[in-house]
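The sequence and model come first.

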Amino acid sequence: MAYNSSMSLSVRQMLAHQGYAFPKLLAFRIQMVLSYQMMMVAIGWHIYELTHDPLSLGLIGLAEVIPYMSSALFLGHAVDHYFSRRGFATLAGLFLALNASMMVVITQYQPANTAMWIYGTVALTGFARALISPSYNTLFALIIPRASVAKAAGFGSSLFQAGLIIGPAIGGLLVGFANKYVAYEISAVLALGAAIAALMLRVKEHRSHAPMHVFASIGEGLRFVLRTQVVLGAQLLDMFAVLFGGAVALLPAFVHDVYHMGPEGLGVLRAAPAIGAIVTGIFLARHPIHQHSGRWLLLAVGGFGLCMIAFGLCRSYWLAIAILAVSGMMDGVSVILRQTILQLATPDNMRGRVSAINGIFIGSSNELGAFESGLAARLMGLVPSVIFGGLMTMTVVGVTAVKAPKLRELHLSQLH
């Protein structure tokens, strides 16, 4: 298989490897990101138009995260044991296209209890999202030689971050200058395009193991993560960094109360971390970190916490943009190294389950991080809560450095 290769490919060779499979996989990922982001922006606006209640916006995340968390481990097991990885990726695209199409129908016919219909569609989107990470990561491992994983992870991260900027922007423009109906239609088309891109992949899939009972299989994946210090340490480090350092959830309050600006100021601030992450991803795609990787990971997460403290203390809007861009760079290093460690340290027959577990770590921390940020701001005040989060992130880095020496001393070259 491709991942048994010991030779690092050049950028051109990597893109052309196995019949341009990697560009097709990237086409799947970017279209899924754009479709999801556009649809969720339109849904947020749609729900608020119907309810004029801020709580209804929070219920969107809750409607999605519950089915996501409850199904991720089972879908990770399915990706490892049944059907084909390409088939699951195709199914994820078709499922997301169906959800966007359902929103087209809901928008057109406006049934009774429209908000409940929308929440139901969002819940189904949670199932589709739970399929994306296991199928993408297992296909990534089939396509990319092990020695080129860090380089390819940089490309994938840059593209993902670009989608996080472009998707909401396009969705907002379509809702504002056209209508929600058009935004949902284009979202459905993009998801269908992602399914086609996955279907066009030509990869050899070999299953050298017999299917296990579902709970025994999930238990095996959990035991692997808990016993593998570099994997568990990297996941916990990222989870707590997002949990305590999630200042992005409080950006509307900073824009309104600290910088005294309107929505246009919020858009730029939200884009700044992603721009920093894109720059980092492009750089690391050409200059991957193979030596002292664990230390760079710890330094990056510590730098992210330091940026959060600086952001909390900052009173200049333009300086805040620069600080958030640097925080995105730090986060970009962390994400790429974590993804590379996950790919190289995970056995081939566990990639679906370990990716699903990783998704739960990160998915839960995003949702809980937003809640923690809001609760801390209510209890401590806006600025102290962000400073507290940055300090806690740096504390987590210190504890991880002491408690996970294998991660601290890790060189990615050891995992090739």
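In this predicted model, the count of salt bridges comes to six. Three of them are set out below, with the distance between the closest N and O atoms for the pairs with Glu64 and Glu409, and the N to O distance for Arg338 with Asp238.

| Salt bridge | N to O distance |
|---|---|
| Glu64 and Arg129 | 3.3 Å |
| Arg338 and Asp238 | 3.5 Å |
| Glu409 and Arg295 | 2.9 Å |

Let's start with Glu64 and Arg129, which form a salt bridge. Glu64 sits in helix H2 (residues 54-81) and Arg129 in helix H4 (residues 114-143), so this pair links distant parts of the chain, 65 residues apart. Glu64 is buried, at 4% relative accessible area, while Arg129 is partly exposed, at 22%.

Next come Arg338 and Asp238, whose side chains meet in a salt bridge. Because Arg338 belongs to helix H12 (residues 317-345) and Asp238 to helix H8 (residues 229-244), their contact ties together parts 100 residues apart in sequence. Buried or exposed: which describes Arg338 and Asp238? Both residues are buried.

Finally, Glu409 pairs with Arg295 in a salt bridge. Glu409 lies in the segment after helix H15 (405-408) and Arg295 in helix H11 (residues 293-313), so the two tie together parts 114 residues apart in sequence. Glu409 is partly exposed, with a relative accessible area of 34%, and Arg295 is partly exposed as well, at 39%.

Note on methods
Residues numbered from 1 in each chain as written. Predicted model: local features only at pLDDT ≥ 70, side-chain atom pairs only at ≥ 80, totals over all residues. Heavy atoms only, no water. Salt bridge = Lys/Arg side-chain N within 4 Å of Asp/Glu carboxyl O. Helix = DSSP H or I, 4+ residues; strand = E, 2+ residues; numbered from the N terminus. Buried < 20%, exposed > 50% of the residue type's maximum accessible area, 1.4 Å probe, protein only.
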